[in-house]
Every structure is written in structure tokens, then in C-alpha cells.
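Work through the exercises below with the structure open beside you. Try each task before reading its solution.

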Protein chains: 4
Amino acid sequence: MIYTSIKEEAYQCNMQLPQLGLVLFTFGNVSVADRDKAVFAIKPSGVSYDQLTPDHMVIVDFEGRVVEGKLRPSSDTKTHAVLYKHWEGVGGITHTHSTYATAWAQSQRDIPIFGTTHADHLTSDIPCAAPMEDDMIAGNYEYETGFQIINHFNEHKLDYKEVEMILVGNHAPFTWGKTGDKSVYNSAVLETVAKMALLTEQINPKAPRLKDALIKKHYERKHGGAAYYGQE
Amino acid sequence: MIYTSIKEEAYQCNMQLPQLGLVLFTFGNVSVADRDKAVFAIKPSGVSYDQLTPDHMVIVDFEGRVVEGKLRPSSDTKTHAVLYKHWEGVGGITHTHSTYATAWAQSQRDIPIFGTTHADHLTSDIPCAAPMEDDMIAGNYEYETGFQIINHFNEHKLDYKEVEMILVGNHAPFTWGKTGDKSVYNSAVLETVAKMALLTEQINPKAPRLKDALIKKHYERKHGGAAYYGQE
Amino acid sequence: MIYTSIKEEAYQCNMQLPQLGLVLFTFGNVSVADRDKAVFAIKPSGVSYDQLTPDHMVIVDFEGRVVEGKLRPSSDTKTHAVLYKHWEGVGGITHTHSTYATAWAQSQRDIPIFGTTHADHLTSDIPCAAPMEDDMIAGNYEYETGFQIINHFNEHKLDYKEVEMILVGNHAPFTWGKTGDKSVYNSAVLETVAKMALLTEQINPKAPRLKDALIKKHYERKHGGAAYYGQE
Amino acid sequence: MIYTSIKEEAYQCNMQLPQLGLVLFTFGNVSVADRDKAVFAIKPSGVSYDQLTPDHMVIVDFEGRVVEGKLRPSSDTKTHAVLYKHWEGVGGITHTHSTYATAWAQSQRDIPIFGTTHADHLTSDIPCAAPMEDDMIAGNYEYETGFQIINHFNEHKLDYKEVEMILVGNHAPFTWGKTGDKSVYNSAVLETVAKMALLTEQINPKAPRLKDALIKKHYERKHGGAAYYGQE
């Protein structure tokens, strides 16, 4: 009974994915962490959304070990565990194979920052991690995917609190945030920005990236004493 | 109580945006003006559509100052205020980040007039204002966006009563009209025309603009004694 | 009361357009003819689909003159009249600005026959009529659009009973059939084939047209004693 | 009464096609086999989904002969029959003209394996069979389509239990599986993968195929003792 709250929250977050058009069948999963108990609740593997209940959620610790639950957790569970373990500020993680974001991941390109829709959420390009080395693939694949993400952030000096999303090359996106809701929100934003960026390049192959003054302005709108978006 | 009418109207207009597929989450806003009282009602910032009520609407004057309302108005409020102040014939304004129109804005190109779907609504290309100068961005950004729009119309000798829409470079579209409803209608038309124009260039990169005789004909269909579309 | 049947039929056909995703707002119209009475029922101009009733339909003769109805008929009425007058086998006509078909019309290209989805309905490319001569545009525009269509069929030796659709260059598609329902069906088929053809060229710019043996086979499947599709 | 079970199953499978957005009007069909009785239940030709009932399903043997049913079976029935006859492990077959898969078929290209969405389902490119020879087209067309598929698998040493889908050049996709449900599932996966592959090439015309280590990993995830996706 002690995990009821994160199970319910993880359930609600997972159910948003089909409503937002981000998943076909079971191609996605959301997890929600309870930092005090050092566990997270995650969708079981291969259970369809119309049969899912809060009680189906599996409780897993930050080493990827199942703590509670009758079903096998999502096959991506170890990736979630690694991110929770190393990034303390993360409270929720979403993984989808949404169409446009996945196409960018498959094309192995960062998504350039072309406009304010992008800049309202992050002020750098959306990073795409290179496909994993062969020995990592042959090893503990999903576990290594977590490190692939963290290493990319470290190598490119990105801050996971500023950039709450990544494309895993040849695979698909992961997004996160302080809460499960925020991680789902970020997946939807990413899909929209990914579509707009492709269309922008099709309309004008020489479209310039957003200029620095605008990037700076949008960063300031969200941060510091002068932030003025939303009601908080 | 004196603003009940425009609050209700602004609410109804805002609720059309998700129904027309023009917004994700809260990425859009509509305002409706009361010219006699020199104010407009606008969506509050960051409130989701499924929680919105008419009473949430914020009343703002044409200088951008809040007159009534408990919530902070849309972060784009000052842009609306500038347009109302300088363009007396405008009764409603809509701002969205609709996908295709935003992609054209990001590509910094005018949308060429390729056919009668476009010409039934305006007989010039849909203008795209260049990104703002750096000092304007660093200053009162949303306020300057209003002038960016007005200056573009003045410099290109466009009439805001004929061309009821613009793309703000690197940002997204604004549309307007005599009423809030008309401004929403124009946002939906713009999104459709933007998609058709991209597809037209993909099918035929050398597709010609609409020829002058057709542009003239469509202009006349809407204006003067011989207008014959609709029931009025 | 004598026109009740075609009014109801035209109403039902018009209501299919938004359900099939073929129209935005009022950008489309369907008419249904009563050959015995030499009239057709057509949608009134500029009335939105959610307010439309069967009684709104306007009865027009084959010269384009209103016979009965309180509202002004669709601005495309004269085009419908010309087609009914000259093509005796036509019982219903649909006009839309559906996105992909309109983009092909704007690009002024015939839609190549690339596959069996196309060949199941017609065995030639989907014709695109060139934009009208300037003097025709300046004259009785919608009336001339009818002749633009008929002339294109005559010049290219097309049979309106075999090819039940055309793109009017810079404008949008018209489709027809023995009944109103069939004309609406053809508009939906055209939109799908138009989208598939663009995608085909994007996937393979050198994609070949359907080969003659397949075109012949599909023609025979629909015609002659060996036809075997459907229940009739 | 002895075919009630496969009729009901075939009905349920057919009804999934419009729900999944895979068909316009009647452009698709699903069949479900009863291996013990050596028959399959298939959708009747040209009956719309909103009028379809389980009792409409037609029972056909593996030579393509109608065993039971008042309606004419789908015009693609002989293709289904050939596949059931030669591929013993197949329990259900789906044929659609879904937009993106059909566009790849029309472009006559295999769909390259670009990512894990693809690799989670099959670890080779999705094959596209070349258009049929003219003498086969002129003969028993739908029957020959079955052999066109089987021959392509034999010539390219593909295993129908590993690769449960094919594009028939100039035509459209066929998918299959142990059950009717699985064949429908495969049609939806194919459509999504087909769209992602086109977008991938648009974003990066030089996008590489998935590397061998990842293909091997995904193959192993589904096969052998170490398989760990889903609940089985």
C-alpha cells in the first residue's frame, strides 16, 4: 500500500501517451519516482493501454531491481533506473517512439533551434546521442542506454535541468522532469518541435538557427527574477 | 460585471483553438476588444484549456495594463495591446504556434499565393516579418513585437484590413479581424494555406504564383458592388 | 415539396465532407441532380456545416438560375450547372479544397498513376486543367470554369464516365458520378491518391508509372463481363 | 454454425482497420484461418465497415473456393488462399492500402531498417516484391499475387515467420501472423515504420542503416532463452 501514490501517478501519466498521440500500441512508458523511498513506479512490459490499471505498475529500485509487482516491468526499466540514480532532480521519465522525434533519432542529427516554440522550453539544440559502441550493445543494453545518455550530457556540458530531453541515436527519445507530468509534457513538446524543424528545413534549406539575442531573451524569460510566463 | 460580454466571447474563441487543432497545451491565445471601453479580454498565461472558464479572462487596456482579473494575462498581452491601439478596426486577435504556419515563420519566408484558397482570403503573399533587431529584443520584447508587425505593414504598404495575418520571423503567426471569431477563422485558414503552399512547392518546385487576372478576380469577388460570396 | 428527395440527398452528401476530413469551414459543396425535372439541389453559400439543414438546399436549373430556395446558392453553382447541362450521365458533383488534391492543382501537374489504388478507380493520370485565359477570368468566371473542365476533357479525349475527377489549375478539384454519394466518394479517393502520389515521388523521384499490363488488368476488372469487384 | 468462431474473429479484426486509420472506405481486408478445417473466413467484397456483421464473413478453402456465405468474398481472396496453402504457420492475413506503406510499394523500394522501432519487429529491410510479369498479370492475377509474394521470399531467402510483411510493388502491403490480430498489428507497425523511414531520409538523406550489433541485439531480444519483452 505504501506505493499507491506513485502507482496512481505513473498510471495517469502513461494514459496520457495515447491521448496525446505519442504511442502506437505499447511503444512507450512513463515512470514516476518516490525519492524518499528510492524507488519508481513504471509501466509493465507489453500491456496495452486499454487494459492498464494503476495496480499493474511495477515498483523498481534505482539499481533496476523489482521491489513489488506481479508483472515484468518495461524492457526499458534499466535505462530509467540509471537516470534516476545519477540525476537526483529527476522525478519522472517518459520514453516514446513518437513519429517525428524518432525520425530525427534515426537520422542521427541534433534538432536545430529554429524558433521560439523550441526556445520556450530549452535554449540549445535538442541533442542526439550517437549509437552505442558494439561492446556496450552486446552487454547490458538497456542499462548502457542510461549511461549513453548521461555520458552525452557530460561530454557536451549539458545540464539535465535545462535540457530535459534527448534523442538516442537509431532508437527514440527519452524526456524527463521534476514530475511524471512534466516528462510527458516534454515528450509532446519534443514531438511538435521535431515536426516543425523538419518542415522548416523543407520550406527553406538555408533557414538560420535562432539568433543569440532571442535565445538569451527566452532563457531569461524562464529564469531569474524577471521570469513572467505562467501563474507562478 | 461590465466586461461579461467580451470575457464570454474571448472564452469561446480561445476554446476553438484546440478544437481546430491549432494549439498544443497552452501555446496560443485569443483576445476580444471592447472599443467603447478601450479594453480587451485575453486568456490568462499558462492555464490549460480544459480548466479555462470565462471568468478567468483578464481585462487589459490598450497600453497593456491589467484593468481587472486575478490571473496574470498571456505573456503576449503587450503585442495584442499595441495592435489594438494602432489599428482601430481590429476587434479580435489570435496568436498560435500552429505547426505549418510556425514552420514558415521559422523559415523566414513569405507564403506565396499559389491558388484560390489563398486568394479567397487575401490577394497578396502572407507576409513574414524579419526577426527583431537585437536592441529591441533586449528591451520590451512583447511590446516591440507589436511594432515589428506594424512597421512591417507600413514598410510594405500592406493594409491590415485586407491582410489580416502575419508571420513573425522565428516565432509564429498572429491573425486578427473585426471580431474574435474572425481572427480565429483566419488562424485556421492560415494554417491550411501554409500546409498547401509547402506541398505545392514539393510537388512542383517551379510552381508559379497565381496569375494577376485571378488575383484581381478574387479581390473583386470580395469587394465592391459585385461581391457574391456568402449570404450578406 | 417536389424537391424533397434531392434536397435530403444533397444535405446528406454535404454532411459527409467534414466527416471525411475534406473541408475546413465551408470550403466545399455537393449538388445532386433530378434529371427528370432538369434541376439540381446545392448547398447555400457560406453556411457552416453544423447549421445546415436539408431545407437550406437551393434548387437550381441547368442554366444556373435559382428555381427555389431562400438562400443564395454556392458561389460555384454555375460550374455545377454547366457540367450537368453538357454531361447527361452526371447525377452528383462535389467540389472541395481538400489539402493534397488542391496542392496538386496549385502545382499545375496531372497526378501520375503510380499504383493500383489509383487504377482501381481510373486508368489514366488524374487530369489538371490549365489556368483559364485572362478574358475568361474577367468574364463569367464560375460559368467558364465549367467549360474549362469540359474543354480539357474534349481536348485530351477523356471520357467523363471513366475519369470522374479533375483538378482545376490554381484552384481545386471537382469530382462527379452517377449519384451524389459517388461524387463524394470520388473526392475522398482523389485526396488519398493525391497524398500517396506525392509521397511516392518523395521516396523515389524516379518511380515509374504503373505499367500497361496492370492498367489494362484493372480496367478490365471494372468493365465487361469479367468484372468481379463488389457485390453487383 | 461450425465456422462461428473464425467469422467472429475475422469480423473483429476487420473492424480494427478503420479504428487504426489503416483504411479508407473498403480498401482493406483481414482473413482468419481454421487450420483443422482447412478454411479461412474473409471479409466480403465492397461491404462498408459500418454495415459489416460477423455473419457477412465468407468461408473459403485454401484453393480459393467459397465453402459458405451469401456474399462474394474480397477480390483479394485468392492471394490469401495461396499464402495459407503454402505457409502452414500463418493463421491470419491483413491487406490494406495504408498511405505510407502503399507509397513505398508504389516507389518499388524496400524499406531500410533505420532504427529500433523497425528492429523490434523484424531485423531485415521490409521487402518490396517487383511488379508481376505481364503474362502473370494477364492470367489469374490475384492468384499470381500470392506466388509473387512466396517467390520473393524464396529468392531472397526470407523466412515468413521472421518477416511477417511485404510490399507488393505498385500495389500495397500484405501482412500476416499466427493470428488475425497479429496480422492487423503488423499492418499498423508497418505503416508507422514506413512513415518514420521516409521522414528519416528527408531529415538526413545519408542516414545509415541500423548497425549490425544493434540488429543482432534486437533479434536476440525476441528469440532464444534470453528474450525479455512482454509478459510471456
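**Exercise 1. Salt bridges in the whole structure**

Task: Find how many salt bridges there are over all chains, and state which parts of the chain are linked by the pair A:Glu63 and A:Lys85.

Solution. The model is a predicted one. Step 1: a search of the whole structure gives 40 salt bridges over all chains. Step 2: take one pair, A:Glu63 and A:Lys85, whose side chains form a salt bridge with 2.9 Å from N to O. This passes the test, because a salt bridge needs the nitrogen within 4 Å of the carboxyl oxygen. Step 3: locate the two residues. A:Glu63 is in the loop between strand E3 (58-61) and strand E4 (66-68) of chain A, while A:Lys85 belongs to helix H2 (residues 77-86) of chain A. The two are 22 residues apart, and the pair links distant parts of the chain.

**Exercise 2. The sheet of chain C**

Task: Give the strand order of the open sheet in chain C, and explain why one side of E4 and of E6 in chain C has no neighbour in the sheet.

Solution. Step 1: the sheet has eight strands in the order E4-E3-E2-E1-E5-E8-E7-E6, and the pairing is mixed. Step 2: strand E4 (66-68) and strand E6 (128-129) of chain C are at the edges with a single partner strand each, so one side of each is left without a neighbour in the sheet. Step 3: look at one pair of strands. Strand E7 (residues 165-168) and strand E8 (residues 173-177) of chain C are antiparallel and share three bridges. Within E8(C), C:Phe174 is the bridge partner of C:Ile166.

**Exercise 3. A residue in helix H6**

Task: Which residues does C:Phe147 touch, not counting residues up to four places away in sequence?

Solution. Step 1: C:Phe147 is part of helix H6 of chain C. Step 2: the residues touched are C:Val82 and C:His86. Step 3: C:Val82 is 65 residues from C:Phe147 along the chain, yet their C-alpha atoms are separated by 7.1 Å.

**Exercise 4. Contacts between chains**

Task: Describe the contact between chain A and chain B, then the one between chain C and chain B.

Solution. Step 1: chain A gives 34 residues and chain B gives 35 residues to their contact. About 3,000 Å² is buried there, with 58% from carbon and sulfur atoms. Step 2: this contact has one salt bridge, formed by B:Asp134 and A:Lys211 at 3.0 Å, N to O. It also has 13 residue pairs in polar contact. The largest share of the side of chain A that touches chain B is 11 residues from H7(A). Step 3: the other contact takes 35 residues from chain C and 33 residues from chain B. Its one salt bridge joins B:Lys211 and C:Asp134. On the side of chain C that touches chain B, H3(C) supplies the largest share, seven residues. Step 4: chain A and chain C make no contact, and their closest C-alpha atoms lie 12 Å apart.

How values were computed: Residues numbered from 1 in each chain as written. Chains lettered and ligands numbered in written order. Predicted model: local features only at pLDDT ≥ 70, side-chain atom pairs only at ≥ 80, totals over all residues. Heavy atoms only, no water. Contact = heavy atoms within 4.5 Å. Buried area = accessible area lost by both parts, 1.4 Å probe. Polar contact = N/O pair within 3.5 Å; in protein donor to acceptor, adjacent residues only side chain to side chain. Helix = DSSP H or I, 4+ residues; strand = E, 2+ residues; numbered from the N terminus. Pairing = 2+ DSSP bridges.
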